Every structure is written in C-alpha cells, then in structure tokens.
Amino acid sequence: MLLATSRLTLRRFREADAPELAAYRSDPDVAHYQGWTAPVTAEAALAWVHAFAAGSPTEPGWFQYAVELTAEGRLIGDVGVRLHDNLRQADIGYTLATAWQGHGYATEAVRAVLADLFETRGLHRVAAECDARNLRSAALLERVGFTREGMRRQATWMKGEWTDDLLYGLLAADRP
Ligand SMILES: CC(C)(COP(=O)(O)OP(=O)(O)OC[C@H]1O[C@@H](n2cnc3c(N)ncnc32)[C@H](O)[C@@H]1OP(=O)(O)O)[C@@H](O)C(=O)NCCC(=O)NCCS
C-alpha cells in the first residue's frame with residue numbers, strides 16, 4: 001500500500017487489475033473526455049497495467065495509483081501523477097468507474113495524493129487540466145482547493161473536434 005484513507009487504499013497496479021481496468025475504461029461515459037477511445041481491449045489494459053506497475057511515484061514521469069475500495073478489496077479507479085524533472089511540480093489526473101461516482105471517493109483519493117505531494121514530499125505546485133465541458137472534473141478540482149487559472153480555447157484535438165481546456169493550479173501556499 002502506498003497511501004490510505006478512511007475508505008480507500010491507493011496502491012501500485014498489478015496484473016490482476018487488467019480486467020477491471022478494461023471494464024471501467026471501456027465505459028463511453030468514462031472515456032468521453034479522456035485520451036483513450038472506448039472500448040479498451042484486454043491486451044491494451046494488460047499493457048497499461050504493466051506500464052503502470054513499472055512506474056515510480058518518486059521519480060519524474062507519470063505514476064498511476066490504483067484506487068481500491070478497502071472494505072471490498074475492489075479496484076474502483078485510478079489517480080495519475082506526473083512528477084516534473086525538478087521534483088517540485090506535478091500534474092494530476094483521475095478516473096473513477098461510473099458505478100462508484102457520486103460518493104466522494106475521487107475527492108478522498110485526490111486529497112490523499114495532494115497531502116502526500118505537498119506535506120510529505122514538499123512540492124511547490126500541482127496543476128491539472130480538463131475539458132471545459134467536464135463539469136464533474138472541474139467541480140472535483142475546485143472542491144479540493146485548485147484555482148482556475150484560465151482556459152485554452154480549442155487547444156486539443158480530441159475525438160474528431162477541437163476542445164477547450166480549463167487550466168487549474170494549486171500551490172503549497174494555498175493549502176490551509
Ligand atoms: C471526474 C470524476 C472522477 C469525478 O467523480 P465524482 O464522483 O463526481 O467525484 P467524487 O467521487 O469526489 O464524488 C463527489 C460527489 O459525491 C457526493 N458525495 C457523496 N458522499 C460523499 C462524501 N462522503 N464525501 C464527499 N462527497 C460525497 C458529492 O456531493 C458529489 O456529488 P455531486 O457531484 O452531486 O455534487 C468522474 O466524473 C470521472 O471519473 N469521470 C470520467 C473520467 C474523467 O473525465 N476524468 C477527469 C479527466 S480531466
């Protein structure tokens with residue numbers, strides 16, 4: 001286990017997670033504003049899981065936390081952190097299976113990761129971006145304290161259209 005909250009365990013991905021990962025990332029609603037296209041094949045999920053498992057949360061680059069509902073020992077989503085080369089900044093992203101949305105689990109997982117990044121590891125800034133139409137994602141970022149810093153208009157070519165990106169930032173100094 002890497003991090004724990006009252007309801008969740010954030011741990012490294014393992015091979016046995018591939019079917020569940022494929023299932024929730026194959027949901028068109030989950031994939032809608034994300035870089036992959038649903039459905040996700042079993043092979044693609046296995047390749048992801050291998051890549052996620054090989055990452056390090058303390059080295060530059062992306063690290064993907066598997067988010068498990070502790071009471072059920074069940075994978076319900078993931079949180080990704082991209083640590084910059086300077087080890088003082090990071091980008092964050094997150095995904096929750098549809099069935100587990102609406103219970104505060106993403107908020108709880110992201111808060112735990114932010115506490116680790118700022119309080120334990122001394123980061124200066126964490127940034128996040130989301131499609132301007134992704135209201136649940138924007139609401140989550142604002143709920144955990146991010147400031148909306150701007151919007152890039154038609155800056156991403158996503159699934160056949162140009163999309164607007166909301167830009168969010170959270171500084172160590174913003175934390176209570
Ligand atoms: C973005 C995403 C993770 C947000 O999920 P979410 O379920 O809205 O967020 P949370 O898990 O924190 O749940 C918050 C909701 O649970 C409610 N809730 C219920 N019990 C709660 C509790 N104990 N604590 C906090 N909130 C609780 C909140 O009121 C809120 O509901 P509301 O949206 O009706 O106001 C989810 O929509 C998702 O995975 N989308 C697909 C992937 C994606 O787009 N990722 C972002 C790319 S930028």
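Visitor: How far from an oxygen atom of the ligand does a backbone N or O atom of G102 lie? Please go on from there to the surroundings of the ligand.

Guide: The model is predicted, and the distances below are computed from it. The distance you ask about, from a backbone N or O atom of G102 to an oxygen atom of the ligand, is 2.7 Å. G104 also places a backbone N or O atom by the ligand, 3.0 Å from an oxygen atom. With R136 the side chain takes part: one of its N or O atoms is 2.9 Å from a ligand oxygen. The ligand on its own exposes 950 Å², of which the protein buries 70%.

Next, the shell of residues. There are 19 residues around the ligand, and those that come nearest are Y94, L96, G102, T107 and N134. Sorted by class, this shell holds 9 polar, 6 nonpolar and 4 charged residues.

The ligand sits in the largest pocket. Two or more residues of the shell come from each of these elements: strand 5 (89–96), helix 4 (105–120), strand 6 (125–131) and helix 5 (135–143).

As for the pocket itself, the largest pocket has a volume of about 1200 Å³. It is lined by 45 residues, and Q34, Y94, T95, N134 and S137 are the closest to its centre. The lining consists of 18 nonpolar, 16 polar and 11 charged residues.

Note on methods
Residues are numbered from 1 along each chain as its sequence is written. This is a predicted model: local features need pLDDT of at least 70, side-chain atom pairs count only at pLDDT 80 or more; totals for chains, interfaces and linings use all residues. Side-chain values use heavy atoms; hydrogens and water are left out. A residue is near a molecule or strand if one of its heavy atoms lies within 4 Å of it. A polar contact is a pair of N or O atoms within 3.5 Å; within protein, one must be able to donate a hydrogen and the other to accept it, and residues adjacent in sequence count only if both atoms are side-chain atoms. Accessible areas come from the Shrake-Rupley method with a 1.4 Å probe; for residues, only the protein chains shown count as cover. On a 1 Å grid over the protein atoms alone, a cavity is a set of points where a 1.4 Å probe fits but cannot get out, and a pocket is an open set with protein on both sides within 12 Å along at least five of seven lines; lining residues have an atom within 4 Å of a point. A molecule sits in a cavity or pocket if more than half of its atoms lie within 2 Å of its grid points. Helices (H or I, at least four residues) and strands (E, at least two) are DSSP runs, numbered from the N terminus. Ala, Val, Leu, Ile, Met, Phe, Trp, Tyr, Cys and Pro count as nonpolar, Asp, Glu, Lys and Arg as charged, and the others, Gly among them, as polar. Grid points are joined across faces, edges and corners, and a volume is the space filled by probe spheres set on the points.
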